[in-house]
Amino acid sequence: MADPDEHATDLPECPSAQGGGLLPPELRAWMLLVGATGAVEQQLRSVVKERLDVSHDEFLILCLLAEQPGAGLRMTRVAELLGRPKTRLTYQIACLQHAGLVTRRSVCGDKRGVEVALTDKARRLLTDASGALAETVTRALAQSVGPAQREAVCGLLPDLAGENSGA
């Protein structure tokens, strides 16, 4: 893997980080997050397709479900968390179910409630791919933000902090 520090000093500060514009600090911070997220998503797409054979949006669903040990989530909650229309989510869940990566079941006592959960196959795939996915996120962030933003992001991603110090 290329050294993330190799390009970090070459990167100009993100225009949103410079301040002096019309945006209050909260919106400037949000724009930095949007930019960093876009860079990560762009690089993750190909790794997700290669390793998991799912779309990026389906991958986000798998990630949400992976954080629910031993349980699932109601589809309405998944739609809320991802900010996706329920109709689009229904299609994505059907694709994931067809691939054997999620199960769907009715929620006891609620005729309309549907809960989705990861299958063992999905858990194995995510476990096997987790190293490559984490490396991709770290590399994308290291290459997409300037030094000041990188320092701020390091608080969220300890591995990036280690690479930042040359460890």
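The lining of the second largest pocket comprises, by class, three nonpolar, three polar and three charged residues. Of the 167 residues in the protein, 32% are buried.

**Second largest pocket**

- The second largest pocket holds about 170 Å³ of space.
- Helix H4 (75-82), helix H5 (86-98) and strand S3 (110-118) are the elements that each give two or more residues to the lining of this pocket.
- The lining residues are Arg74, Met75, Thr76, Lys86, Leu89, Thr90, Arg112, Gly113 and Val114.

**Packing of helices H2 and H6**

- Helix H2 spans residues 25-52 and helix H6 spans residues 120-144; the two pack with their axes 9 Å apart, at an angle of about 150°.
- Because angles over 145 degrees count as roughly antiparallel, H2 is described as roughly antiparallel to H6.
- The crossing in which H2 passes H6 is right-handed.
- By class, 15 nonpolar, four polar and three charged residues make up the contact of H2 with H6.

- Asp128 is placed in helix H6, and a relative accessibility of 60% is the reason why Asp128 is classed as exposed.
- A C-alpha separation of 8.5 Å is found between Asp128 and Arg51, which are 77 residues apart along the chain.
- Arg124 also belongs to helix H6; with a relative accessible area of 51%, against a cut-off of over 50% for exposed residues, Arg124 is exposed.
- Arg124 and Leu101 are separated by 23 residues in sequence, and their C-alpha atoms are 9.9 Å apart in space.

- The loop between H2 and helix H3 (56-66) contains Asp53.
- Asp53 has a relative accessibility of 56% and so counts as exposed.
- The phi angle of Asp53 is near 60°, which is a positive value in a residue other than glycine.
- As a general point of reference, a negative phi is found in most residues other than glycine.

**Points to take from the model**

- For the helix pair, the predicted model gives an angle of about 150° between H2 and H6, a right-handed crossing and a contact that includes 15 nonpolar residues.
- For the pocket, the model gives about 170 Å³ of space and a lining that includes three charged residues, with Arg74, Lys86 and Arg112 among the lining residues.
- For the loop between H2 and H3, the model gives an exposed Asp53 with a positive phi.

Note on methods. Residues numbered from 1 in each chain as written. Predicted model: local features only at pLDDT ≥ 70, side-chain atom pairs only at ≥ 80, totals over all residues. Heavy atoms only, no water. Axes fitted to C-alpha atoms, helices over the stretch in contact; angles between N-to-C directions. Helix = DSSP H or I, 4+ residues; strand = E, 2+ residues; numbered from the N terminus. Parallel < 35°, antiparallel > 145°, perpendicular 65-115°, else oblique. Left-handed = near helix turned anticlockwise from the far one by under 90°. Nonpolar A, V, L, I, M, F, W, Y, C, P; charged D, E, K, R; others polar. 1 Å grid on protein atoms, 1.4 Å probe; cavity = no way out; pocket = protein on both sides within 12 Å on 5 of 7 lines; lining within 4 Å. Points joined across faces, edges and corners; volume = space filled by probe spheres on them. Buried < 20%, exposed > 50% of the residue type's maximum accessible area, 1.4 Å probe, protein only.
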